[in-house]
Amino acid sequence: MADWDAYYHNEDDDVEQEEGEESAGDYKYSGRDSLVFLVDASKEMFVKGEDGEPSNFDMTMQCVRNVYTSKIISSDKDLVALVFYGTEQSKNPRNSFKHVYVFHDLDSPGAQRVQDIDKLRGDKGAQQAAETMGSGETSLGDALWCCSNLYSDIKLRLSHKRLMIFTCRDDPHGRDSARDRQARTKAADLKETGVVIDLMHLMKPGGFDVSLFFCDIVSPPEDESELGMQLEACGKLEDLQKRVRAKEMKKRAQSRLTLSLGDGMNVAVGVYVLARTATKPPAVRLYRETNEPVRTKTRLFHTQNGSLLLPSDTKRAQVYGNKQIVMEKDEVDEIKKFDDPGMVLIGFKPMDRLKRHHHIRPALFIYPEEDQVTGSSCVLTALLQRCSERNVFALCKYTPRRNTPPRFVALVPQREVLDNSQVQVAPAGFHAIFLPYADDIRTLDAHVGPTASDEQVDKMREIVHKLRFKYRSDAFENPVLQQHYRNLEALALDMMAPEAIEDFTMPKVQMMDERLGPLVQEFKDLVYPADYNPESKPAAKRKPAETGGGAEKKPKLEVSEEELRAHVQKGTLGKLTVPVLKDACKQFGVRTTGTKKQELIDALVAQLS
């Protein structure tokens, strides 16, 4: 049984590696992500803002709902929990903590949980929250202890554990030193177990002072790419959602490799995917009686006696030169292996040698991994600065996996970019651009069409200038994906109709007509003839016919005897078509027993050889 498990485990690994290479964004990781929302339920959270703005509690519930729905779509295997502290009622495992209300345990998000969150939104939601939980004393230490128990009760393997605190009170215990000390102790215990604590502080009258208490609670940034703790409080829902979205997902590397710079100089780098194509999730097969997911397993049986075949009974074969080459699975794996995974520096080239048509697939991002090899950040930073100063790129051989053929990549340097608030917009690192092989580049014969006149070119230049706009990829959502997820959401939440979406890919015809004005008609007058009508159907082509009407006469298929004998001697009768071979048999009086091509060829060879 162990042989079977090992055999099929290796097979699955090969398939996943091949799929990952094609998509350049799929990767495996051990464990699941987990996220716990720890929300303050004090009376201050339910106070509405000025000009009818939503309360901090309502903003938090909307943000939690958005995270729930995004998790369902993007990573439904992750675990999410919702815990309220500072409540009057208590609800937690074994009811050992007062004023802590576990609304949702650590589990995968689902439609029922989204409906539960919807009941806590708005004025009715605030009223229901007051009736269900109420507002009472606050003990953040007990709340953190309860969250620690939630993590310890999970038997699944967790790869990333994060806890987010939502509150508008910078001094939750009112200068109670004992409770402050207890909370700091439990926060330190959580950090030691690998839990990352973040603070999503909200607006309060007089401002939120992080240094009073929470600066000792939250976790420091995990690496240079982390934003760290923001000093300004969130006053709008968009700001709160942006901060939560930036921290809820763990930044995972697609792979961690060794970059060889020569002479035994090796540094560790992480390969990241900055952008990938969003696709619909695959359909899940369900058992119709229990509605549970069905897992498929493949077994091989002998075609004659029906016995079960072991992995050692199967071989791989490849036909080459009309001969079947039989190989073992280990031999096939050895053939696929070109080199060990890693990157090898070959040399440097000027940046102008990198052409636009060399970009044949989405690029990857290379970032140093200091945890793997000490000193990698220093070496990669120095290499990036020199490449950027000299305006060159590094040419490397890239082997992503053990059974993957190598590719040439161009490491293009990118320096760190900061905005006006000194927040990182673009990280410092290398973009790995895949370069084509010589076989990938084709030479095409360009179609030579009529040349436009200078007047026509000038008129089109005016049209292009009028219709230009600043393109941003994040301003356009995929309408097919959005409609698909809206339909799923409507079915899961028992909605009457799916939420309407706006297709931003549709052209704004009215605005374009207002901008262009008479330019379109002027361009048509310059290009098209006066009697041209694009909506008229083209006239049907008339078939040539013999004099006096009738069907089209088929040309007679003839081949001379010298040509036929030459084909017989060279063995190239197969290049002739079946009608030509039939006509040749009739022409030379060759009798055949059938009308298939090979039968006609055999009859002609027997007659003329």
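# Exercises on a predicted model

In helix H9, the residues Ser-376, Leu-380, Leu-383, Leu-384 and Cys-387 are buried. The model is predicted. Work through the tasks in order.

## Exercise 1: Helix H9

**Task.** On which side of H9 do the buried residues lie, and which residues are exposed on the other side?

**Solution.** 
- Step 1. Start with the buried set: Ser-376, Leu-380, Leu-383, Leu-384 and Cys-387. They cover an arc of only 100° around the axis, which puts them on the same side of H9.
- Step 2. Turn to the other side of H9. Cys-378, Glu-389 and Arg-390 are exposed there.
- Step 3. Check the span of the helix. H9 covers residues 376-390, which is 15 residues. At 1.5 Å a residue it should span 21 Å, and its end C-alpha atoms are 21 Å apart, so the two agree.
- Step 4. Look just past the end of H9. Asn-391 takes a positive phi of about 55°.

## Exercise 2: The barrel

**Task.** In what order do the seven strands close into a barrel? Where does H9 lie?

**Solution.** 
- Step 1. Follow the strands around: E6-E7-E11-E16-E13-E12-E10. The pairing is mixed. From one strand to the next, the twist averages 40°.
- Step 2. Take E11 (residues 364-368) and E16 (residues 429-434). These strands run antiparallel and are joined by three bridges. Ile-366 stands opposite Phe-430 in E16.
- Step 3. Move on to E13. Six bridges join E13 to E16, again antiparallel. Here Ala-410 stands opposite Ile-433 in E16.
- Step 4. Cross to E12. E12 and E13 pair in the antiparallel sense over five bridges. Ala-410 in E13 stands opposite Leu-395.
- Step 5. Ask how covered E13 is. Seven of its eight residues are buried, so E13 is mostly covered.
- Step 6. Place the helix. H9 lies across E6, E7, E10, E11, E12, E13 and E16. Its direction is at about 80° to E7.

## Exercise 3: Strand E5

**Task.** Is E5 enclosed or open to the outside?

**Solution.** 
- Step 1. Count the buried residues. Seven of the seven residues of E5 are buried, so E5 is largely enclosed by the rest of the structure.
- Step 2. Check each face. Val-195, Ile-197, Leu-199 and His-201 are buried on one side. Val-196, Asp-198 and Met-200 are buried on the other.

## Exercise 4: The cores

**Task.** Which residues touch the most other members of the largest nonpolar core?

**Solution.** 
- Step 1. The general rule comes first. In soluble globular proteins, nonpolar side chains tend to be buried together.
- Step 2. Name the residues. This core has 32 residues, and Leu-38, Leu-140, Leu-163 and Ile-165 touch the most other members.
- Step 3. List the suppliers. E1, E2, E3, H5, E4, H6 and E5 each supply at least two residues. H5 gives the most, with seven residues.
- Step 4. Zoom in on Leu-140. Among its contacts beyond four places in sequence are Leu-38, Tyr-85 and Phe-213.
- Step 5. Note a second, separate core. It has 30 residues, including Tyr-101, Phe-103, Met-133 and Leu-493.

## Exercise 5: A buried arginine

**Task.** Is Arg-65 buried or exposed?

**Solution.** 
- Step 1. Locate Arg-65 in helix H2 (residues 56-74).
- Step 2. Apply the cut-off. Buried means under 20% relative accessible area. Arg-65 has 13%, so Arg-65 is buried.
- Step 3. See what is around it. Beyond four places in sequence, the contacts of Arg-65 include Asp-118, Glu-489 and Leu-493.

How values were computed: Residues are numbered from 1 along each chain as its sequence is written. This is a predicted model: local features need pLDDT of at least 70, side-chain atom pairs count only at pLDDT 80 or more; totals for chains, interfaces and linings use all residues. Side-chain values use heavy atoms; hydrogens and water are left out. Helices (H or I, at least four residues) and strands (E, at least two) are DSSP runs, numbered from the N terminus. The expected span of a helix is 1.5 Å times one less than its number of residues. Buried means under 20% relative accessible area, exposed over 50%, partly exposed in between (1.4 Å probe, protein chains only). The arc is that of the directions from the helix axis to the C-beta atoms. Contact means heavy atoms within 4.5 Å. Two strands pair if DSSP finds at least two bridges between them. Axes are lines fitted to C-alpha atoms, for helices over the stretch in contact, and angles run from 0 to 180 degrees between N-to-C directions. A nonpolar core is a set of buried Ala, Val, Leu, Ile, Met, Phe, Trp, Tyr and Cys residues joined through side-chain atoms within 4.5 Å.
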